[in-house]
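Look over the sequence and the model shown here.

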Amino acid sequence: PSTASKPGCCQTCEEVREAYAAVSWAFGKGEGVEQCQREHYSEKLEAQRDQGCRIEGGFRVNKVVGNFHIAPGRSFSNGMMHVHDLNNYLDPSQGSHTFTHTIHHLRFGPQLPDDVTKRVGDKTLGWTNHHLNPLDNTDQRTDDAAFNYMYFLKVVSTSYYPLGWKSPISSADQGDSSELVSIGQHGLGQDGSLETHQYSVTSHKRSLRGGSDSQEGHKERLHASGGIPGVFFSYVSILSNQFRAGT
């Protein structure tokens, strides 16, 4: 791999895993791989087998359409397909994880502070996402390791400007300054302007083994088999709303 200390040589277990991913090979637990045995890679996997995880952070996404997901195993491209190495995750002899999950908070854009929402108006107004992120505190549970959750999000960029507000920076001078602003801080203007996003959501869940939803009382609902277990978010930006104080 390109990260190897010598071209063509793998000095660490991570470099071996990258080399396997580069040719779309499943890796497993590194049995028989000297570098991984030396670093006790298999033992580290076993120590984490009964552990869950908590993910917190922020990142930039495409403005128009895109997706992000949480799935097991190392990802790589196989032809034109994005796939994951599920060899360890679905090994029945080692027990299993599931994608039971709780979404504590998911938002696009800044979380508006309480003093801002009180100054601008009622929290129930349609332009603000404060307390209105529909996926907050979503709880999903399953005993099936091969299970897929899909959330489809329609995102609306929403701006609030005081009456008579003008941008302090001309469009010619502003340019693309998005990289200069910390993630999650866009739209928190000091001049009374507010820019954030609202979103609506629909969801879909299914077992990758296929079949019907008869256990949930919907035997007429049939699912295809196959896919990647995990939690997937697919979003599209569709509209732009603007609100001005006094109107």
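## Overall composition

The model is predicted. Five helices and ten strands make up the secondary structure of the protein. The protein has 247 residues, and 31% of them count as buried.

Among contacts with a separation of 6 or more, 69% are between residues 24 or more positions apart.

## The cavity

Searching the whole structure gives one cavity of 30 Å³ or more. The volume of the largest cavity is about 40 Å³.

Its lining consists of Arg17, Tyr20, Ala21, Trp25, Phe27, Arg74, Phe76 and Asp85. By class, five of the lining residues are nonpolar and three are charged, with no polar residue. Helix α1 supplies the largest share of this lining, with three residues.

## Helix α1

Helix α1 covers residues 13-22. Its buried residues are Cys13, Glu15, Val16, Arg17 and Ala21. Arg17 and Ala21 also line the largest cavity, and both are buried. Tyr20 is another of the lining residues.

Just after α1, serine 24 has a positive phi of about 65°. Trp25 and Phe27 are also part of the cavity lining.

Note on methods. Residues are numbered from 1 along each chain as its sequence is written. This is a predicted model: local features need pLDDT of at least 70, side-chain atom pairs count only at pLDDT 80 or more; totals for chains, interfaces and linings use all residues. Side-chain values use heavy atoms; hydrogens and water are left out. On a 1 Å grid over the protein atoms alone, a cavity is a set of points where a 1.4 Å probe fits but cannot get out, and a pocket is an open set with protein on both sides within 12 Å along at least five of seven lines; lining residues have an atom within 4 Å of a point. Grid points are joined across faces, edges and corners, and a volume is the space filled by probe spheres set on the points. Helices (H or I, at least four residues) and strands (E, at least two) are DSSP runs, numbered from the N terminus. Ala, Val, Leu, Ile, Met, Phe, Trp, Tyr, Cys and Pro count as nonpolar, Asp, Glu, Lys and Arg as charged, and the others, Gly among them, as polar. Buried means under 20% relative accessible area, exposed over 50%, partly exposed in between (1.4 Å probe, protein chains only). Contact means heavy atoms within 4.5 Å.
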